[in-house]
Amino acid sequence: MPGRSTIMPVISFNSVDSAVSSLKTCHVSINTGIEVTTDVALALTELEAAAEDISNMEKLMLDYVSMDQELEQFVQAVDEVTHQIKQERPERMPDLKALVDKRFNELKNLNKEEDLIKSDKYIHFKGQLKEMRKQVGAESQNESPSANEIDEDIAVTQSQRNFICPITQREMECPVKNKVCGHSYEEEAIIKIIQNKHKQKKKARCPVVGCENGDMNQCDLSTDTALRRAIENHKKHQVR
């Protein structure tokens, strides 16, 4: 009959949404693998292990970064396909798996190894190794007698200063590093500052005096494993 509106069938995506939500929990497992790999690589660096052993850890880290990237791309493919179907509202549910696979492969084909090396997680990992090498080198220099050796008390004071959170003014236990400005803080303290500022619709500034970073976000923070290990080693030496 003229004027009768066509009622389009309602396609439920509840099962898809539930599956994607479960899939996102895989990020937790990948992040755990990244943390363990970082700890092992730092321990090997601290022990001045063979370059091949550290290189193997770097390759393993690239594998984890690749898995993380592909997981994000798969979730992106699912989101894009379901959004398209919701917009087009077809009479019958299309082959969702085929559409997702097609879009996922398109995204994967854009991947390049140099992109993995340039990823934030891999850059942070390499930065942690670099910091550990500096610490190992500094310890070696302190152990070697020198005519111009700095007074031991002054050296200890300078070292401890790097372990103090600029917010709490206490030695850090769970340090995180800001990838934008490079400063480290106690995790709980800096997150509290960022969250409070954002609740007030304000930007959070880096609390380090003189730092020009005036727009901090939680996504800029990552665990400073090298600093945490340095603090732990410092505590062990104090006990001896």
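The model is predicted: local features need pLDDT of at least 70, side-chain atom pairs count only at pLDDT 80 or more, and totals for chains, interfaces and linings use all residues. Residues are numbered from 1 along each chain as its sequence is written, and side-chain values use heavy atoms, with hydrogens and water left out.

**Strands**

- Helices (H or I, at least four residues) and strands (E, at least two) are DSSP runs, numbered from the N terminus.
- Strand β1 (residues 175-178) runs antiparallel to strand β2 (residues 184-186), joined by 3 bridges; two strands pair if DSSP finds at least two bridges between them.
- P175 has E186 as its bridge partner in β2.
- The hairpin of β1 and β2 has 5 residues between the strands, and G182 there takes a positive phi near 85 degrees.
- β1 is also joined by 3 bridges to strand β3 (residues 221-223), again antiparallel.
- V176 has T223 as its bridge partner in β3.

**Helix α2**

- α2 has 21 residues and reaches 30 Å from its first C-alpha to its last. That is close to the 30 Å expected at 1.5 Å a residue, counted as 1.5 Å times one less than the number of residues.
- Its buried residues include H27, I30, A41 and L42. Buried means under 20% relative accessible area, exposed over 50%, and partly exposed in between (1.4 Å probe, protein chains only).
- Seen down the axis of α2, the buried residues fall within an arc of 165 degrees, so they line one face of the helix. The arc is that of the directions from the helix axis to the C-beta atoms.
- V28 and S29 are exposed on the other side of α2.
- E48 follows α2 and has a positive phi, near 55 degrees.

**Nonpolar cores**

- The largest nonpolar core has 18 residues, and A41, L42 and Y122 are among those with the most contacts inside it. Such a core is a set of buried Ala, Val, Leu, Ile, Met, Phe, Trp, Tyr and Cys residues joined through side-chain atoms within 4.5 Å.
- α2 (26-46), α3 (51-88) and α6 (120-143) each supply at least two residues of this core.
- α3 gives the most to this core, with 6 residues.

**Aromatic pairs**

- The whole structure holds 2 aromatic pairs. Rings of Phe, Tyr and Trp (its six-membered ring) pair if their centres lie within 6.5 Å; planes under 30 degrees apart count as stacked, over 60 as edge-to-face and the rest as tilted.
- The rings of F74 and F104 have centres 5.3 Å apart and planes at 90 degrees, so this pair is edge-to-face.
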